[in-house]
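Subject: The structure you asked to see

Hi,

Here is the structure I promised to pass on. Have a look at it first, and then read on for what turned up.

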Amino acid sequence: MESVNILIAGEAGTGIDSMTKSLARAFTREGLRVLTNSEYENRIRGGHNFGMVRAGTEEITGPLDKNFHLMIAMDAKSVPVHMEDMAEGGVIVFDGEPSTLDGIQKKDGVSLVPVPMKKLAKDLGLALAANVVAVGALYGLMERDPKEMKSVLETIFGKKGKEIVALNCRAIDAGIDYVTSASKARVPFTAKGDKKKRFLLNGNEAIALGCIKGGLKFLAAYPMTPSSSIMTTLAKESRKYDIVVSHVEDEISAVCMAIGAGYGGIRAATSTAGGG
């Protein structure tokens with residue numbers, strides 16, 4: 001298969017975003033074309049969240065919200081929500097035992113593969129790595145070398161020490177080993193990357209870079225997902241480009257400060273999200 005469409009779903013706080021980003025980084029390092037998209041509820045924790053990753057050898061111009069080849073379900077509730085979105089021959093890997101999905105309507109042509117993600121992570125001595133085990137299971141189902149994924153884990157956890165990196169790499173191997181021994185279901189993803197280096201950035205980072213290029217000198221903002229990384233990206237680059245970034249008490253203050261700065265002759269902006 002020359003392209004793959006992956007869905008990662010579960011409650012907020014279970015690592016949906018980190019899994020989506022890690023897969024995107026790993027595929028990019030292989031030299032593949034990658035696009036991700038995420039959806040989440042306007043809640044601090046809890047609620048159904050999901051992320052999508054498309055990867056392949058050809059240019060990808062948009063996300064597909066159906067015909068997923070693979071799905072990671074971090075909770076049983078996510079399975080019936082997205083069952084109809086799966087492609088023929090698709091595979092859903094979920095946390096638990098076969099009985100976890102008793103009573104859930106199945107779709108013909110879609111395989112369900114239970115993986116005790118939390119237990120495997122706990123057995124490794126790193127209970128928080130359940131989502132890493134899940135990614136490993138995904139690589140097992142794709143029959144794909146996890147070399148670049150492990151390099152991504154080294155980038156993410158390198159500052160925490162070699163032992164933490166090693167534990168996360170073992171979590172990848174645990175997921176692969178479990179799913180390849182426990183299930184015959186496979187969705188081989190055989191596309192070979194061209195090894196070319198490419199930018200991997202999200203829309204908010206692109207907005208922030210556009211603001212810098214456009215001469216922005218003042219940003220007032222109140223952090224709210226999904227707009228927060230506009231502010232954090234500009235704050236990270238503020239010294240280099242002589243930008244003042246003000247974290248204010250609410251969105252009304254932010255827009256008033258941006259307008260006031262504009263009246264004062266400063267190129268200013270604010271960023272906010274739907275709830276703001």
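How many of the nine residues of strand E1 (residues 3-11) are buried? Seven of them are, which leaves E1 mostly covered. Buried here means under 20% relative accessible area, exposed means over 50%, and partly exposed lies in between (1.4 Å probe, protein chains only). Strands (E, at least two residues) and helices (H or I, at least four) are DSSP runs, numbered from the N terminus.

Before going further, please keep in mind that this is a predicted model: local features need pLDDT of at least 70 and side-chain atom pairs count only at pLDDT 80 or more, while totals for chains, interfaces and linings use all residues. Residues are numbered from 1 along each chain as its sequence is written, and side-chain values use heavy atoms, with hydrogens and water left out.

E1 has two partners, listed here under the rule that strands pair if DSSP finds at least two bridges between them. With strand E3 (residues 48-56), E1 pairs in the antiparallel sense over nine bridges, and Asn5 stands opposite Arg54 of E3. With strand E4 (residues 68-73), E1 runs parallel, joined by four bridges; here Ala9 has Ala73 as its bridge partner.

Next, helix H5 (residues 147-157). Its buried residues are Glu148, Met149, Val152, Leu153 and Phe157. These sit on the same side of H5, because they cover an arc of only 165° around the axis (taken from the directions from the helix axis to the C-beta atoms). They pack against helices H1 (16-29), H4 (130-142) and H6 (162-182), with contact meaning heavy atoms within 4.5 Å. Lys147 and Glu154 are exposed on the face turned away from that buried side.

The whole structure has ten. One of them joins Lys66 and Asp85 at 3.1 Å, N to O. Lys66 lies in the loop between E3 and E4 and Asp85 in the loop between helix H2 (78-82) and strand E5 (86-95), so the pair ties together parts 19 residues apart in sequence. Lys66 is partly exposed at 45% relative accessibility, whereas Asp85 is buried at 13%.

Finally, Ser227, in the loop between strand E7 (218-221) and helix H8 (228-241), is buried with a relative accessible area of 5%.

Best wishes

Terms used. A salt bridge is a side-chain nitrogen of Lys or Arg within 4 Å of a carboxyl oxygen of Asp or Glu.
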